[in-house]
Amino acid sequence: MVNSTEASYFILTAYSDTGVFKYLYFLIILALYLCIIGANVLLIVVICVNRSLHEPMYLFLCSLFVNELYGSAGLFPFLLVQILSDIHTVSAPLCFLQIYSVYTYVCVEFFNLAAMSYDRYLAICYPLQYNTYMTSNKASFLIAVSWLFPFLAIVVLISLSVSLTLCGNIINKVYCGNYSIVKLACSDTRVNNIYGLFYTVISIIIPLLLILYTYMRILRVCFSGSKQTRQKALSTCTPHLASLINFSFGGFFQILQSRFDMSSVPNMLRVLLSLYFLTCQPLFTPVLYGLKMSKIRIICKRLLCGEVMTSVSCRQKVKAAAQSFSSVRRATSHSLDLCIIHINIGRSVWIICLMCSHDEEHVVTVIAMFKVTSTSR
């Protein structure tokens with residue numbers, strides 16, 4: 001038996017001896033973590049540097065991507081160290097810090113998804129009043145609340161757990177969980193259970209009810225609206241719904257594993273499912289939105305391919321204009337010239353191809369006009 005003064009560390013018993021395969025697992029987890037960082041950072045940069053994406057919907061997405069980085073940082077470095085370690089122990093302060101990181105990540109995720117569903121509800125159900133109802137200041141306020149409330153609420157949760165008198169230090173998981181520590185307590189845990197229930201209702205149940213309500217209203221408008229309205233709703237809501245279902249599935253199993261006896265489930269399956277919402281969601285979210293949101297997809301292609309694609313496309317268009325000019329010149333008796341004009345409009349560069357005649361009327365015809373680069377939009 002270990003009392004509160006002796007429980008300076010916890011033992012994680014869900015790890016098994018994998019021998020030399022631990023290096024393979026390490027490389028797989030490291031590759032996954034690097035992909036998560038790359039995908040989320042890319043989309044954050046795309047949204048921040050493009051003024052055309054400075055809209056409420058994309059601000060919520062940026063907050064979501066930042067949270068994915070935050071949540072993965074609370075697990076992956078710890079997981080990588082534990083995989084290579086022969087003794088799977090964690091100090092009490094580090095354990096509570098991880099609990100704080102993981103629990104705030106989950107709460108911020110649900111709050112962000114709820115705010116995004118409210119934004120889609122206004123855009124689809126009140127399209128004419130959307131800019132009045134959802135301003136940039138209101139979006140910033142919702143994002144701030146989505147982050148500040150979880151950070152304050154989890155402080156109380158951690159404080160209640162730290163004050164408990166513990167009768168053990170063995171956690172049957174691959175990372176630290178608050179309820180796993182509460183179950184080790186010798187002292188009365190009624191306050192912890194009541195606050196844990198209150199926190200679950202506020203951070204998970206209420207956001208899910210809000211999301212359910214908004215989607216009921218969205219479906220009602222879609223069924224009574226035109227085909228164009230249904231297509232718009234489908235294109236904007238599909239990534240959000242997929243992200244919500246994916247995260248809710250992982251979170252639901254985590255709650256079941258914490259509250260009920262799951263010894264009948266194979267250990268490997270328990271480990272994989274307990275890690276699902278912390279490993280798959282941070283990569284699933286940016287990939288899903290990057291593929292489904294047309295604006296983000298186009299700008300990502302431009303950013304990744306760089307000026308090579310732009311210059312090649314430019315040469316092809318100028319060549320096509322020159323070929324058109326040659327065809328017209330051969331078919332007419334007038335003296336014609338091809339003029340290529342570069343015009344800077346803001347940060348964009350436009351090329352205009354003109355065909356000019358030297359007869360008495362001096363006719364000028366535009367045969368091609370296209371934008372070469374755009375650094376701000």
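Student: Is Phe249 buried, exposed or partly exposed, and what is its relative accessible area?
Tutor: This is a predicted model, in which local features need pLDDT of at least 70 and side-chain atom pairs count only at pLDDT 80 or more, while totals for chains, interfaces and linings use all residues. Residues are numbered from 1 along each chain as its sequence is written, and side-chain values use heavy atoms, with hydrogens and water left out. Buried means under 20% relative accessible area, exposed over 50%, and partly exposed in between, with a 1.4 Å probe and protein chains only. Phe249 therefore counts as partly exposed, its relative accessible area being 48%.

Student: Good start! How many aromatic pairs does the structure hold?
Tutor: Rings of Phe, Tyr and Trp (its six-membered ring) pair if their centres lie within 6.5 Å; planes under 30 degrees apart are stacked, over 60 edge-to-face, and the rest tilted. By that rule, the number of aromatic pairs in the structure is 18.

Student: How many residues apart in sequence are the parts that Phe10 and Phe96 tie together?
Tutor: These two rings make an edge-to-face pair, at 6.4 Å centre to centre and 85° between the planes. Helices (H or I, at least four residues) and strands (E, at least two) are DSSP runs, numbered from the N terminus. Phe10 lies in strand E1 (residues 9–12) and Phe96 in helix H4 (residues 92–125), so their separation in sequence is 86 residues.

Student: What is the centre-to-centre distance between Phe249 and Tyr276?
Tutor: Theirs is an edge-to-face pair with 85° between the planes, and the centres are apart by 5.6 Å.
The pair ties together parts 27 residues apart in sequence, because Phe249 sits in helix H9 (residues 227–259) and Tyr276 in helix H10 (residues 267–279). Tyr276 is partly exposed, at 24% relative accessible area. To return to your value, the centre-to-centre distance is 5.6 Å.

Student: Which residues is Arg120 in contact with, leaving aside its neighbours within four places in sequence?
Tutor: Arg120 belongs to helix H4 and is buried, with a relative accessible area of 7%. Contact means heavy atoms within 4.5 Å. Leaving those neighbours aside, its contacts are Met57, Tyr130, Ile218, Thr236 and Cys237.

Student: And how far apart in space are Leu152 and Thr104, C-alpha to C-alpha?
Tutor: Leu152 is found in helix H6 (residues 136–162) and is exposed, with a relative accessible area of 62%. Leu152 and Thr104 are 48 residues apart in sequence, and C-alpha to C-alpha their distance is 9.1 Å.
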